[in-house]
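Here are my notes on this model, written as numbered points. Have the viewer open while you read.

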Amino acid sequence: MTTAATLLAVEGESPIMPHAYELVVGGFAFLVVFLVVGKILTPRIQKTLAERTEAIEGGIKKAEDLQAEAKSTLEEYRTQLAEARQEASRLREEAREQGAQIKAELREEAQAEARRLIEAAHAQIEADRQQALAQLQSEIGRLSTELAGRIVGESLEDEARQRRIIDRFLDEIEARPEAVR
Amino acid sequence: MNALTVLAADEFKAPGLELFDIPPLWDGAPYWLTKPVVLAVLSSLVMVVLCWSAFSNPKLVPRGIQNVAEMGYMFVRDQIARPFLGKETDRWMGLLLSIFLLVWMWNLIGVVPFLQFPVASHIAFPIVLAASVYLLKIYLGIKHQGVIGYFKNMMFPPGLPKFIYFLLAPIEFLSNLIIAPFTHAVRLFANMFAGHMILAFFSMVGFWFLFEKLTPLGAPVGVVGVLMTIAMTGFELFIQFLQAFLFALLAAMYIGGSLHPEH
């Protein structure tokens, strides 16, 4: 039965002619889809996509901020390090200068001390020499007198005269420097 | 199919227009309760349910079906809407997404086993969508450009020699107001119609030569028919997607053209 109906219908119906009831059903289906998908669901997914974009952009922003912060901290540390290095080198320089100064002062002091010791030694030597000379003079006078008395065989009565002779003798000796030194 | 075998018992007969002339589901059913009607409603409902499960409570980090549906959304937004609508994309996404998904679903049902009837191969369904877009196009054009401005922009695009307009104005009028909606609907219809016919033909070849009249000479033809059915089904999947894409693309183009005449 249906076969015959179908074949008969083929004669009368062109595929390009729409059925009215299909227009209604198609319109209804489209309306339902449009209301649910277009009007209810699309705004939701759009909202979510916008939020996601925001979240991602927020994350990127945050990361950028952190990076900038890290960079500035690093910069700060570098500056501090450079300052510290400079400070250290300055201190080292200062210490070196101070050391040199102290060394120079010590050396000067030591030299002064040495000079002073030498001075003292010189003075001592001079004094000793003077003393020795004086002692020698009197010894030589006594020995000479004794010797002269022995040679002459008589003591010189006149004390004053005796003194003069000794003095003259000593002057003569002093006139010959090689004899004393 | 039984009708064919009964009618032409000995001879192979290629399927024809009777493929698309479908009686009510059972004897005595209302005349409008046919397979295409049921499939149209069913596929629309499937689409609604799928979209609902994907987008009813969308997550910031998508999971499962939301991922897939988002790919569809992005595709419609970036490939269909953006090129024609630019900044106004978001405002029209609801409509374009509905059109694209609905048409695609209507087409896809053409290769779902046992259902196997592309809804859009009945011209009424493309007509409903194309007419909706057409009315929206004219409404938007008049709203954004004024009645005179709309027709002036359509028929007298500036910057051409005057005598050209004698030729151009009627052509533009025809193409924009009569041919465009017609081709919009018919392109989809004809593609689905032809695709269904091709699939039916090859599967009929396979069925006829391998089951109905198995002969040594006919068997290879039947094998070719089966192989071609498989290959053409794959091709049909591509065409179905392409036509849904084109249909939505044209809708976006018409809407964009009405919003901004300079395009």
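1. What share of the 263 residues of chain B counts as buried? The figure is 38%, where buried takes 20 or more other C-beta atoms within 10 Å of a residue's own, exposed takes 12 or fewer, partly exposed is in between, and C-beta atoms are placed from the backbone. A caveat before going on: this is a predicted model, in which local features need pLDDT of at least 70 and side-chain atom pairs count only at pLDDT 80 or more, while totals for chains, interfaces and linings use all residues. Residues are numbered from 1 along each chain as its sequence is written, and chains are lettered from A and ligands numbered from 1 in the order in which they are written.

2. Overall layout of chain B. You'll find 8 helices and 0 strands, with helices (H or I, at least four residues) and strands (E, at least two) being DSSP runs numbered from the N terminus. Along the sequence that reads α-α-α-α-α-α-α-α. The C-alpha atoms occupy a box of roughly 70 × 55 × 40 Å along the principal axes. Of the contacts in chain B between residues at least 6 apart in sequence, 63% link residues at least 24 apart; a contact here is a pair of C-beta atoms, placed from the backbone, within 7 Å.

3. The A/B interface. On chain B, 40 residues are in contact with 36 residues of chain A. Helix 1 (2–7), helix 2 (35–55), helix 3 (65–85), helix 4 (89–108) and helix 5 (124–145) of chain B each put in at least two residues, and the largest share, 10 residues, comes from helix 2 of chain B. The side of chain B that touches chain A splits into 30 nonpolar, 6 polar and 4 charged residues.

4. Helix 2 of chain B, up close. Its 21 residues should span 30 Å at 1.5 Å a residue, and the end C-alpha atoms are 29 Å apart, which agrees; the expected span is 1.5 Å times one less than the number of residues. Buried residues in this helix include B:Val37, B:Ala40, B:Ser44, B:Met47, B:Val48 and B:Cys51. B:Trp52 is in helix 2 of chain B too, but counts as partly exposed because 15 other C-beta atoms lie within 10 Å. Leaving aside neighbours within four places in sequence, B:Trp52 is in contact with A:Val36 and A:Leu41.

5. The cores. A nonpolar core means buried Ala, Val, Leu, Ile, Met, Phe, Trp, Tyr and Cys residues joined through C-beta atoms within 7 Å. The largest one has 67 residues, and B:Leu96, B:Phe100, B:Val103 and B:Ala248 touch the most other members. Contributors of at least two residues each include helix 2 (20–152) of chain A and helix 7 (164–212) and helix 8 (218–259) of chain B. Helix 4 of chain B gives the most, 14 residues. Leaving aside neighbours within four places in sequence, B:Phe100 is in contact with B:Val76, B:Ile80, B:Ala244, B:Phe245 and B:Ala248.

6. Helix 3 of chain B. Look for a kink of about 30° centred on B:Arg77, the bend being the angle between axes fitted to the seven residues ending there and the seven starting there. B:Arg77 is buried, and so are B:Tyr73, B:Val76 and B:Ile80, among others in this helix. Just after helix 3 of chain B, B:Gly86 has a positive phi of about 55°.

7. Two backbone angles to check. Most residues other than glycine have a negative phi. B:Phe114 has a positive phi of about 75°, and B:Gln116 one of about 40°. Why does B:Phe114 count as exposed? Because B:Phe114 has 5 C-beta neighbours inside 10 Å; B:Gln116, with 16, is partly exposed.

8. Chain A against the record. UniProt's unreviewed entry lists residues 20–42 of chain A as "transmembrane region", and its positions follow the numbering used here, with shortened feature names and annotations that may be inferred rather than shown by experiment. In the model that span is 100% helix and 0% strand, with end C-alpha atoms 30 Å apart. For residues 60–112 of chain A the UniProt label is "coiled-coil region", again from an unreviewed entry; the end C-alpha atoms lie 76 Å apart and the span is 100% helix.

How values were computed
Contact = placed C-beta atoms within 7 Å. Nonpolar A, V, L, I, M, F, W, Y, C, P; charged D, E, K, R; others polar.
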